[in-house]
Amino acid sequence: MIDYTAWPVIGKGMERTCYLNPDDPSRLVKISLAGNTRQTQREIRYFRFLLDRGVPFDHIPKFYGEIHGDGFIGFEQEYVRDFSDSETESMPAVALLNYMASPLSQEQTEELQAALDELKAYLLRYNIIPNDLGVDNMVVKRMPSGIRLILIDGFGSTELIPASNFFRFIGNRKIIRKWEKFIRRTGERFPGITLR
């Protein structure tokens with residue numbers, strides 16, 4: 001059995017710890033200890049739901065499956081890195097929070113807005129429901145053609161009966177409400193950057 005907890009820790013939240021695969025830097029595992037697995041179980045169900053629908057994982061990390069161990073549950077997924085011809089030499093994508101905290105030129109701000117527009121269109125097109133949309137749940141992946149935003153955490157509806165998953169009209173309304181709240185909060189946090 002693999003001892004995931006011996007892998008390097010690359011992030012820690014309220015419920016989960018993220019460990020980097022030492023043999024494959026393009027993959028990580030997110031692990032929740034028994035008794036505190038609600039978010040992990042919800043996201044596992046949601047990723048399977050997206051796979052069953054054939055949704056492309058263009059703006060969310062690829063999902064490689066569920067893992068279990070003594071006293072924990074988790075899943076393996078892509079560790080988002082900047083584009084490179086060599087995965088071993090590519091740098092991890094930078095958190096959107098850190099990206100926006102650095103001085104941005106007008107050109108970078110326009111590029112960021114285009115990336116936000118692309119992410120919003122993707123969420124609406126595939127009816128992907130984020131339950132927590134924020135600058136700390138996204139990373140900026142540098143690509144040869146510019147930047148791409150990847151939502152790395154906070155997936156799936158928290159409703160008991162997730163009608164928004166199955167009815168696009170309901171799901172899209174929910175996405176738009178969450179998007180408007182995200183833009184408003186981001187504007188308050190970064191008043192020097194105007195986004196829509």
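**View 1. Val9 faces Tyr19 of strand S2 across the strand pair.** The model is predicted: local features need pLDDT of at least 70 and side-chain atom pairs count only at pLDDT 80 or more, while totals for chains, interfaces and linings use all residues. Residues are numbered from 1 along each chain as its sequence is written, and side-chain values use heavy atoms, without hydrogens or water. S1 and S2 run antiparallel and share 3 bridges; strands pair if DSSP finds at least two bridges between them. A hairpin of 3 residues links S1 to S2. Strands (E, at least two residues) and helices (H or I, at least four) are DSSP runs, numbered from the N terminus.

**View 2. Strand S2 pairs with S3 in the antiparallel sense.** The hairpin from S2 to S3 passes through 6 residues. In S2, 5 of the 5 residues are buried, so this strand is largely enclosed by the rest of the structure. Arg16, Cys18 and Leu20 lie on one side, with Thr17 and Tyr19 on the other. Here buried means under 20% relative accessible area, exposed over 50% and partly exposed in between (1.4 Å probe, protein chains only).

**View 3. Five strands form an open antiparallel sheet in the order S1-S2-S3-S5-S4.** S1 (9-12) and S4 (63-69) are the edge strands; each has a single partner, so one side of each lacks a neighbour in the sheet. From one strand to the next, the twist averages 20°. Axes are lines fitted to C-alpha atoms, for helices over the stretch in contact, and angles run from 0 to 180 degrees between N-to-C directions. S4 and S5 (residues 72-78) pair over 6 bridges, and His68 has Ile73 of S5 as its bridge partner.

**View 4. Helix H1 (residues 38-53) packs on the sheet.** H1 touches S2 (16-20), S3 (27-33), S4 and S5, and its direction makes about 40° with that of S5. Contact means heavy atoms within 4.5 Å. The buried residues of H1 are Thr40, Arg42, Glu43, Ile44, Tyr46, Phe47, Phe49 and Leu50. These buried residues pack against S2, S3, S4, S5 and helix H4 (163-166). The 16 residues of H1 should span 22 Å at 1.5 Å a residue, and the end C-alpha atoms are 23 Å apart, which agrees; the expected span is 1.5 Å times one less than the number of residues.

**View 5. Strand S7 (residues 138-143) pairs with S6 (residues 94-95) in the antiparallel sense.** S6 and S7 are joined by 2 bridges, with Val94 partnered by Val140 of S7. S7 also pairs with S8 (residues 146-151), antiparallel and over 6 bridges. In S8, Leu149 is the bridge partner of Val140. The hairpin formed by S7 and S8 has 2 residues between the strands.

**View 6. The largest pocket has a volume of about 650 Å³.** Its lining holds 28 residues, and Gly11, Cys18, Lys30, Ile152 and Asp153 lie nearest the centre. Two or more lining residues come from each of S1, S2, S3, S5 and S6; S1 gives the most, with 3. On a 1 Å grid over the protein atoms alone, a pocket is an open set of points where a 1.4 Å probe fits, with protein on both sides within 12 Å along at least five of seven lines, and lining residues have an atom within 4 Å of a point. Points are joined across faces, edges and corners, and the volume is the space filled by probe spheres set on them.
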